[in-house]
Amino acid sequence: MNKIKFDIHLNVGKVYRTKKPGSVEMFYSGKEIADFVNHYGITHGVCIYDKYENLKELMDNTNAKIYGVQWIVDKDQTLDVGREGWYGIKLHSHRGYRDASKYDWTKPKKKGDRGSLSYGLHYSDKYVKDILVTLPNNSLVYMHTQGWPSTTNRARPEHLFMLATEFNNLKFIMGHSGMYGGIQSALPGLKEIPSYRPKGFNVHQRSIRTWGDCVVRFKTSVIYSNLIHNLFLDSSCYTPDKALAYMNCDRWCIGSDYPFGNNKPRNSEGSVEDSHYTKQDFEKAHAWNFNKQYDKFSKVLGEQRVEQGFNNAFDYIETPIEVLVETQYERLNNIKTYIKSNT
């Protein structure tokens with residue numbers, strides 16, 4: 001087999017907004033995503049798509065093997081099962097629009113358009129299982145994780161772990177390995193620590209909670225993926241603690257999350273022609289420059305382990321679920337042996 005370069009997190013078509021006032025909807029054509037894939041020499045990629053024609057345009061403009069995962073926003077949505085490039089679905093906890101009267105637990109407080117919509121899926125709600133139960137064996141289920149340090153966070157790793165252990169016939173991909181990354185989770189803050197309980201905004205409290213919780217989520221994600229046969233981790237995007245957590249994991253792969261991050265907003269499909277990315281844009285971008293992600297993870301883990309991640313992603317997707325189950329027994333036995341020999 002030729003050398004694999006796998007991007008486990010691409011996006012094409014509509015990128016939904018969130019309920020936050022400053023959030024905007026974006027759109028990127030299949031040709032634009034293909035330009036990115038071809039520029040970095042990516043040979044395989046998991047790509048989230050809204051409409052099938054956008055996925056097809058991507059596949060028609062690259063020689064890379066594309067595994068399409070359909071963005072599902074409603075349990076009544078028609079699946080593209082059987083169409084070229086369809087491998088499963090994508091579920092998001094904070095993006096995607098539905099009728100709030102059907103899906104919103106808390107009932108929207110805002111008036112107008114945003115008040116009539118519900119944003120994202122609550123992973124512990126029954127309708128998520130209603131979607132998963134309809135999927136064919138071996139289907140991919142890409143699920144976003146992110147959020148904030150709170151027990152009410154609806155996008156934590158344990159949600160995916162519980163679903164994956166119940167739906168043993170599906171292959172789950174944990175988006176972002178528990179947390180997107182970036183500035184908030186890069187390192188603990190060194191702001192002044194108050195010796196009293198301050199009123200209002202507390203920089204130290206916010207920083208230490210966010211960083212600490214992110215570290216825990218990265219490590220938790222690794223433990224979960226090691227324990228079960230059907231959970232794989234998407235790296236997007238690099239943070240030092242995420243890379244350190246991967247030292248104990250071989251079920252992860254680099255994800256660029258292109259074009260999300262440093263992206264240019266659009267109000268409608270292709271309405272802003274000059275927002276098309278150039279090669280210069282690819283190289284100078286921080287968040288989704290694939291080669292920079294490769295270099296950063298390689299600095300911590302070594303190139304061999306990063307490139308093995310590409311192969312592991314390919315094997316995970318291409319290997320029948322029955323075989324993944326068989327090999328998991330050996331993995332679990334190794335875990336038990338390690339614990340017994342060190343205690």
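I take angles under 35 degrees as roughly parallel, over 145 as roughly antiparallel, 65 to 115 as roughly perpendicular, and the rest as oblique. Axes are lines fitted to C-alpha atoms, for helices over the stretch in contact, and angles run from 0 to 180 degrees between N-to-C directions.

Ground rules next. The model is predicted, so I use local features only at pLDDT of at least 70 and side-chain atom pairs only at pLDDT 80 or more, while totals for chains, interfaces and linings use all residues. Residues are numbered from 1 along each chain as its sequence is written, and side-chain values use heavy atoms, with hydrogens and water left out. Helices (H or I, at least four residues) and strands (E, at least two) are DSSP runs, numbered from the N terminus.

**Entry: H7 and H12**

I looked up helix H7 (residues 203–227) against helix H12 (residues 321–341). They pack at an angle of about 125 degrees, with their axes 9 Å apart. H7 and H12 are therefore oblique to each other. Which residues of H7 meet H12? They are Ser225, Asn226 and Leu227, and they meet Gln328, Arg331, Leu332 and Ile335 in H12. Contact here means heavy atoms within 4.5 Å. By class, this contact has three nonpolar, three polar and one charged residues. For the classes, Ala, Val, Leu, Ile, Met, Phe, Trp, Tyr, Cys and Pro count as nonpolar, Asp, Glu, Lys and Arg as charged, and the others, Gly among them, as polar.

I then checked burial. Buried means under 20% relative accessible area, exposed over 50%, and partly exposed in between (1.4 Å probe, protein chains only). H1 is mostly covered, with seven of its 10 residues buried. Those are Gly30, Glu32, Ile33, Ala34, Asp35, Phe36 and Val37. Just after H1, I found Gly41 with a positive phi of about 70 degrees.

In helix H2 (residues 52–60), I list Tyr52, Asn54, Leu55, Leu58 and Met59 as buried. Seen down the axis of H2, they fall within an arc of 165 degrees, so they line one face of the helix. The arc is that of the directions from the helix axis to the C-beta atoms. These buried residues pack against strand S1 (6–15), strand S2 (26–28), helix H1 (30–39), strand S3 (44–49) and strand S4 (65–71).

**Entry: H10**

Helix H10 (residues 290–301) has 12 residues. I read a span of 16 Å from its first C-alpha to its last, close to the 16 Å expected at 1.5 Å a residue. The expected span is 1.5 Å times one less than the number of residues. Phe290, Gln293, Tyr294, Phe297, Ser298 and Leu301 are its buried residues. Down the axis of H10 they fall within an arc of 125 degrees, so they line one face. Their cover includes S1, H1, H8, S11 and helix H11 (303–318).

Where do I find cis peptide bonds? One joins Ser236 and Cys237, with omega about -5 degrees. Cys237 sits in the loop between strand S10 (231–234) and helix H8 (240–245). Another joins Tyr258 and Pro259, with omega about 5 degrees. Pro259 is in the loop between strand S11 (252–253) and helix H9 (279–284).

Asp257 lies in the loop between S11 and H9 too. Its phi is near 60 degrees, a positive value in a residue other than glycine. Is Asp257 buried or exposed? At 4% relative accessibility, Asp257 counts as buried.

His176 is not a glycine, yet I note a positive phi of about 75 degrees. It lies in the loop between strand S9 (171–175) and H7. At 2% relative accessibility, His176 counts as buried.
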